[in-house]
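Please examine the structure shown below together with its sequence. The paragraphs that follow lead from the chain as a whole to particular residues and helices.

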Amino acid sequence: KAEDYPLDISSYEDKTKVLVTCGTQLPWAKENLLEQTKQLAKEHPECHFFVTLGDGAKDFSEEDVAPNVTLVSYLPYKEYIPQMDYVIHHGGAGIFYQCIEFKKPALILPHDYDQFDYAIRGVEAGIAFQAHRNRTEEIQAGFNALLDARVAGLNKVLLALLIVWATDSGAYLFGRRFGMKKLAPTISPNKTVAGALGGIASAMV
């Protein structure tokens, strides 16, 4: 429940607010993410960074670990992403689509699994930048580019990623329901003609 995570960000209205997360998994990545955020925060005193550890099993806690960095145990995305200006995340499916839903530009630091794929999609669609999770200078450059792109009107291209999402979702749903004939079995055995047509139709809608 949102009331279980009472982070009050009203006192940061004069700051650019940035949510930083690597989800509820990847425990080995949390410490590095926090350290990278601290380095980024030094270069951007106009921003306040909220780093969530993604641990909803513990009682809520918050701690100011730097002048403009707050570490919290957990934050529910649906309640807090709308209050942020930017998001730095790991490229998980959940946070990826939440950023789309709430129209929040993102810097993606992929760690594992399909996160690299989501990062590429975000970059290609123009609604995100990507950096290596361990390269401080690359993260700095990516965040600077994110700020510059927002000023130039990054939100205008959100439609592009919505089309990507609609295509993938439509292809999956139509393929599961009507897919019989394989599209290219030697190249991608799970793709079907019905799925391809469903993806195209969904994107057009």
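Two residues are in contact when heavy atoms of theirs lie within 4.5 Å. The model is a predicted one, in which local features need pLDDT of at least 70 and side-chain atom pairs count only at pLDDT 80 or more, while totals for chains, interfaces and linings use all residues. Residues are numbered from 1 along each chain as its sequence is written, and side-chain values use heavy atoms, with hydrogens and water left out.

The chain as a whole comes first. Its secondary structure comes to 7 helices and 9 strands; helices (H or I, at least four residues) and strands (E, at least two) are DSSP runs, numbered from the N terminus. Of the 205 residues in the chain, 43% are buried. Here buried means under 20% relative accessible area, exposed means over 50%, and partly exposed means in between, with a 1.4 Å probe and protein chains only. Among contacts between residues at least 6 apart in sequence, 54% join residues at least 24 apart.

Is Thr70 buried or exposed? With a relative accessible area of 0%, Thr70 is buried. Leaving aside neighbours within four places in sequence, Thr70 is in contact with Tyr12, His48, Phe49, Phe50, Val51, Glu62, Glu63 and Asp64. With one of these residues, His48, the side chain of Thr70 also makes a polar contact of 2.7 Å. A polar contact is a pair of N or O atoms within 3.5 Å; within protein, one must be able to donate a hydrogen and the other to accept it, and residues adjacent in sequence count only if both atoms are side-chain atoms.

The next topic is the pairing of two helices. Two packed helices are described by the angle between their axes and the distance between the axes. Helix 3, residues 93–101, packs with helix 4 at an angle of about 20°, and their axes are 10 Å apart. The contact is made by Ala93, Phe96 and Tyr97 of helix 3 and by Tyr118, Arg121 and Gly122 of helix 4. Axes are lines fitted to C-alpha atoms, for helices over the stretch in contact, and angles run from 0 to 180 degrees between N-to-C directions. Angles under 35 degrees count as roughly parallel, over 145 as roughly antiparallel, 65 to 115 as roughly perpendicular and the rest as oblique. Helix 3 and helix 4 are therefore roughly parallel to each other. Their crossing is left-handed, a term used if the near helix is turned anticlockwise from the far one by less than a right angle, with right-handed used if clockwise. Within helix 3, the buried residues are Ile95, Phe96, Gln98, Cys99 and Ile100.

Lys103 is found in the loop between helix 3 and strand 6 (106–108), and its phi is near 55°, a positive value in a residue other than glycine. Tyr113 lies in the loop between strand 6 and helix 4. Phi of Tyr113 is likewise positive, near 55°, and Tyr113 counts as exposed at 70% relative accessibility.

Charged side chains remain to be considered. A salt bridge is a side-chain nitrogen of Lys or Arg within 4 Å of a carboxyl oxygen of Asp or Glu. Arg121 is partly exposed at 24%, and Asp117 is partly exposed at 36%.

Another salt bridge joins Lys58 and Asp55, whose closest N and O atoms are 3.7 Å apart. Lys58 counts as exposed at 57% relative accessibility, whereas Asp55 counts as partly exposed at 24%.

Glu138 has its place in helix 5, residues 136–151. Glu138 forms a salt bridge with Arg135, with the closest N and O atoms 3.5 Å apart. Glu138 is partly exposed, with a relative accessible area of 31%, and Arg135 is partly exposed at 47%. Not counting residues up to four places away in sequence, Glu138 touches Gln130, Ala131 and His132.
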